[in-house]
Amino acid sequence: ALIHLVGNSTIEDGTYVPDGDTKGTFFSEGQLIFSGNGSLNIVSHCGHGIACDDYVRLRGTSVDGKYAHHPVLAVTAAKDGISTNDQFLMYGGSLTINAADDGIDVAKGPVNLCGGTLSVTSVDEGITASYDEGLDATIHPDITVSGGFVSVTTTGDKGMAFKAVRNLTVSGGAIQAKVLGAGSKCFNADGNIVVSGGKATLLADGLPQWDDEEQDLSSAAGIRCTGTYTQSGGTIAAMATAAGGKGLNASGFITVSGGHLTLVTLGSTYTQSGRNSRARAINGDTSMVVRGGRTLVVAADECIHTTALVQTGGVLGTKSNQSGAR
């Protein structure tokens, strides 16, 4: 369905749900495409704000080759702000979400942020491609930011500003992310994180949280990936302020060949249940290679912890008040 917004409108549901079939205040079994130059305010007291079994798209309307019309959406929800099945795409307009659960949750497909202004405040995930039932060639739970301005704040424990089951890619745009809960992360990918452009400012302000499944402490972090972290351009600044925090925490290889990367941790070691979580600006389970760009690492405790650090180009600067770079 094409929703062309004209003037100012509000949709608000009631507070009583008669059965489990009610998914959201604004629900569609098919595609939802928002355009126009008006505004829509959606308030959900008991479910998702927008729920869709297909994809949701925001677009600007071109007039004489320029995007002159921009839809404006504001969503307040008791659950997810937007819960969609196949994909979320944003090319223009303005979207503000205040959600008690996830801000934007795409069940199977990707999240593509290409333009416009997006502001999310949520308790759990801010923006997530959340598919978790086994990947195949038709499932792409990735997040890509190539343009626009995105601001995300999460307040709950283990909340993730950006959570991709597979890969997170930043090639353009501007990002501001703040996570406040224990064990929370700004960028979190079960796959790889690739940065080739754009600008991101990331702040993680939570303590580590005990993970019963892993039987270990899960640190708050600006960036966390199970796969590799690769940066060839762009500007990334990530800070973890509390004890045990990590600026960049990667299980796979870390490679910087261009751009600007700044990683800061302000806390000291955190201890709980006999386990220690060191505050590290960079924590790599394998090796780190610096081939180009400018990398600045600052820590009150430990700057760089990897199995091997190799620099063949670029600039790498470290500053530590205690154990230094190692």
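Leaving aside its neighbours within four places in sequence, which residues is T128 in contact with? Contact here means heavy atoms within 4.5 Å. On that basis T128 is in contact with D102, I104, D105, V106, V111, I143 and K163.

Before going on, the ground rules. This is a predicted model, in which local features need pLDDT of at least 70 and side-chain atom pairs count only at pLDDT 80 or more, while totals for chains, interfaces and linings use all residues. Residues are numbered from 1 along each chain as its sequence is written, and side-chain values use heavy atoms, with hydrogens and water left out.

Back to T128. This residue sits in strand β17, residues 127–129. Helices (H or I, at least four residues) and strands (E, at least two) are DSSP runs, numbered from the N terminus. T128 counts as buried because its relative accessibility is 2%. The classes are buried under 20% relative accessible area, exposed over 50%, and partly exposed in between, with a 1.4 Å probe and protein chains only.

A polar atom of the T128 side chain lies 3.2 Å from the backbone oxygen of K163. The two strands, β17 and β19 (residues 160–164), pair in the parallel sense over three bridges; pairing requires that DSSP finds at least two bridges between two strands.

Now the sheet as a whole. It is an open sheet of eleven strands with parallel pairing, in the order β3-β6-β11-β14-β17-β19-β21-β25-β28-β32-β34. The edges are β3 (24–28) and β34 (302–305), each with a single partner strand, so one side of each has no neighbour in the sheet. Direction ignored, neighbouring strands of this sheet are turned by 10 degrees against each other on average. The axes behind that angle are lines fitted to C-alpha atoms, for helices over the stretch in contact, and angles run from 0 to 180 degrees between N-to-C directions.

Next, the aromatic rings. Rings of Phe, Tyr and Trp (its six-membered ring) pair if their centres lie within 6.5 Å; planes under 30 degrees apart count as stacked, over 60 as edge-to-face and the rest as tilted. How many aromatic pairs does this rule give? The count is two. F26 and F34 form an edge-to-face pair, 5.8 Å centre to centre with 65 degrees between the planes. F162 and F187 are also edge-to-face, because their planes stand at 85 degrees, with ring centres 5.3 Å apart. That pair links distant parts of the chain, with F162 in β19 and F187 in strand β21 (residues 185–189), 25 residues apart. F162 counts as buried at 1% relative accessibility.

F162 comes up again in the largest nonpolar core. Of its 67 residues, F88, L95 and F162 touch the most other members. A nonpolar core is a set of buried Ala, Val, Leu, Ile, Met, Phe, Trp, Tyr and Cys residues joined through side-chain atoms within 4.5 Å.

Last, a loop. H45 lies between β5 (39–43) and β6 (48–52), and is partly exposed at 37% relative accessibility. Its side chain makes a polar contact of 2.6 Å with that of E12. A polar contact is a pair of N or O atoms within 3.5 Å; within protein, one must be able to donate a hydrogen and the other to accept it, and residues adjacent in sequence count only if both atoms are side-chain atoms. H45 and A78 are 33 residues apart in sequence, but 5.3 Å apart in space, C-alpha to C-alpha.
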